[in-house]
Amino acid sequence: MAGELIEKKMLIGGELVDAIGGGRLESINPANEELIGYVPDAGKEDVEQAVVAAEKAAPGWGALSVGERAAYMRKVAEKLRAKAGEILEVEVKDTGNTIAKMRADVASAHKALDYYAGLGTEIKGATIPASAKNLHMTLREPYGVVGRIIPFNHPIKFAANALSAPLMAGNCVVLKPPEQSPLSAGFMAEICQEVLPPGVVNIVTGNGPSTGDAIVRHPRIKRLGFTGSVPTGMAIQRSAAEIAVKHVSLELGGKNPLIAFPDNDPEEIARVAVGGMNFAWQGQSCGSTSRLLLHESLYDRVLAKVVERVSALRLGDPLDEQTQMGPINSKRHYERVMAMIEAGKQDGARLVAGGKRPAGDYFRRGYWVEPTVFAEVNPKMRIATQEIFGPVLSVFKWKDEEEALELANSTDYGLTASIWTNDLNTALRAARRVKSGYVWINGASGHFYGTPFGGMRNSGLGNEEGIEELLSYTENKTIHILLK
Ligand code: NAD
């Protein structure tokens with residue numbers, strides 16, 4: 001496949017199509033800046049067609065039994081599994097994420113489809129004894145057409161995730177993949193075209209402010225599910241509110257603390273701190289523990305070991321099984337990461353690892369940044385408060401538990417937190433006080449289907465990966481039956 005350009009289409013109303021206006025978006029391999037393929041650049045008129053197709057399909061899809069919808073979804077999951085090898089290579093080239101880690105991402109992309117396919121009969125209403133003369137009951141109904149917009153870091157996995165709960169709940173979907181890494185969504189479009197009735201899933205590729213905004217502002221899409229950055233999430237809430245009363249759920253960014261209490265082995269904390277940064281994704285993971293909060297008794301030893309581990313990470317061709325870190329996903333994002341590294345230096349943090357483009361011929365082209373560690377970070381610095389979404393770890397020192405929790409809660413974010421201690425009381429005290437929606441005690445990074453994932457504060461609204469997400473794609477209707 002080397003050298004061949006990959007051209008993918010959109011899926012609208014059961015047809016694989018180009019954009020009506022004929023525009024295309026280029027997809028660039030961030031490891032070497034080579035063009036690897038194209039997808040259509042959808043305009044407002046393409047989005048309109050996708051919505052019309054979804055509206056046409058929605059009554060039929062919603063009228064199927066949950067078992068019938070589940071069977072369709074399991075078929076999509078099966079085809080996705082079968083194509084995992086082919087998708088993997090494209091996904092690695094398109095994102096820059098390392099193949100060794102990306103393999104599991106692609107291989108598990110089908111999981112959400114299977115999980116929600118099995119949850120259909122949990123879309124339950126209730127009977128409520130509100131009066132003696134009536135039977136009061138609730139029904140959960142689909143919205144009809146759902147819009148979903150996803151970011152660049154796990155393109156195929158997020159595409160599958162974004163379809164699963166809305167489809168099981170009986171909705172049809174208009175999905176917009178990320179413009180920086182859009183190719184794997186083309187595989188999803190092909191699979192859905194083969195398996196699903198026309199219009200049930202529509203995939204429109206394009207940029208955020210055009211294609212994405214057309215979805216957000218479409219007056220007949222009342223339910224929007226967004227995963228991406230805080231500024232975009234806020235823009236989406238504003239735009240949606242200008243058009244109609246919409247249910248918008250948001251899975252946004254994080255600036256997640258890893259709090260290490262004094263009873264830890266420095267070697268273990270260094271290992272989990274580096275693991276929690278997800279360097280195989282260049283730190284481009286919403287749940288990355290990008291703020292390491294070390295008790296003063298651990299600080300020097302852990303910092304030295306973190307620097308050792310980070311400096312030993314093998315950067316290189318993301319398609320090489322031995323590579324441990326690839327390039328930043330896009331030029332624009334690379335420039336932002338570099339600007340944040342500059343901000344760290346200007347604000348007085350001590351750069352102890354990385355901070356620049358790696359040396360060597362291979363790294364001359366592409367969006368390469370060394371894995372970077374700043375020490376002596378304080379909560380006033382920009383690298384302490386703003387999400388970098390890159391391979392940059394900020395290390396803080398604290399003296400007592402109160403200070404640790406103040407530091408942990410000193411940003412506007414609240415996605416994940418990782419607490420390390422063997423003292424159950426300390427762990428639970430910290431877990432209850434930390435303002436994050438997803439908390440690991442003696443763990444980091446893991447996601448567990450069935451448990452609600454979502455952010456507090458500016459990190460989001462709503463929960464995914466469990467029954468809550470499924471129910472959030474339904475509306476309650478209450479019926480009162482007078483018993484004569
Ligand atoms: P982004 O917000 O720039 O873009 C995300 C998506 O929104 C893209 O598809 C983009 O085209 C679209 N978009 C951009 N502007 C839009 C607009 N005005 N209207 C409608 N759509 C628009 O985010 P990104 O850079 O692609 O991804 C990184 C961010 O995503 C980070 O902040 C990261 O933490 C977050 N993220 C969160 C989760 C989570 O589950 N909480 C998971 C992954 C990534």
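Which handedness does the crossing of H14 past H15 have? The exercises below work towards this and related points.

The model is predicted, so local features need pLDDT of at least 70 and side-chain atom pairs count only at pLDDT 80 or more, while totals for chains, interfaces and linings use all residues. Residues are numbered from 1 along each chain as its sequence is written, and side-chain values use heavy atoms, with hydrogens and water left out.

**Exercise 1.** Describe how helix H14 and helix H15 pack.

*Solution.* Begin with the elements, helix H14 (residues 401–408) and helix H15 (residues 424–433), helices being DSSP runs of H or I with at least four residues and strands runs of E with at least two, numbered from the N terminus. Two packed helices are described by the angle between their axes and the distance between the axes. Here the angle is about 35° and the axes are 10 Å apart, the axes being lines fitted to C-alpha atoms, for helices over the stretch in contact, with angles from 0 to 180 degrees between N-to-C directions. Next, list the contacts (heavy atoms within 4.5 Å): Glu 401, Glu 402 and Leu 405 in H14 meet Thr 426, Arg 429, Ala 430 and Arg 433 in H15. Finally, the crossing is right-handed, a term used when the near helix is turned clockwise from the far one by less than a right angle, left-handed being anticlockwise.

**Exercise 2.** Work out the strand order of the open sheet and find its edges.

*Solution.* The 3 strands follow the order S1-S5-S4 with mixed pairing, where two strands pair if DSSP finds at least two bridges between them. Strand S1 (6–7) and strand S4 (24–29) each have a single partner strand, so they stand at the edges and one side of each lacks a neighbour in the sheet. S1 pairs with strand S5 (residues 34–40) in the parallel sense over 2 bridges, and Ile 6 stands opposite Gly 37 in S5. Helix H3 (residues 84–95) packs on this sheet, touching S1, S4 and S5, with its direction at about 90° to that of S4. Helix H7 (residues 183–195) also lies across S1, S4 and S5, running at about 40° to S5.

**Exercise 3.** Characterise the surroundings of Ser 239.

*Solution.* Ser 239 is placed in helix H9 (residues 230–243). With a relative accessible area of 9%, Ser 239 is buried (under 20%; exposed is over 50% and partly exposed in between, with a 1.4 Å probe and protein chains only). Apart from residues up to four places away in sequence, Ser 239 touches Asp 213, Val 216 and Arg 217.
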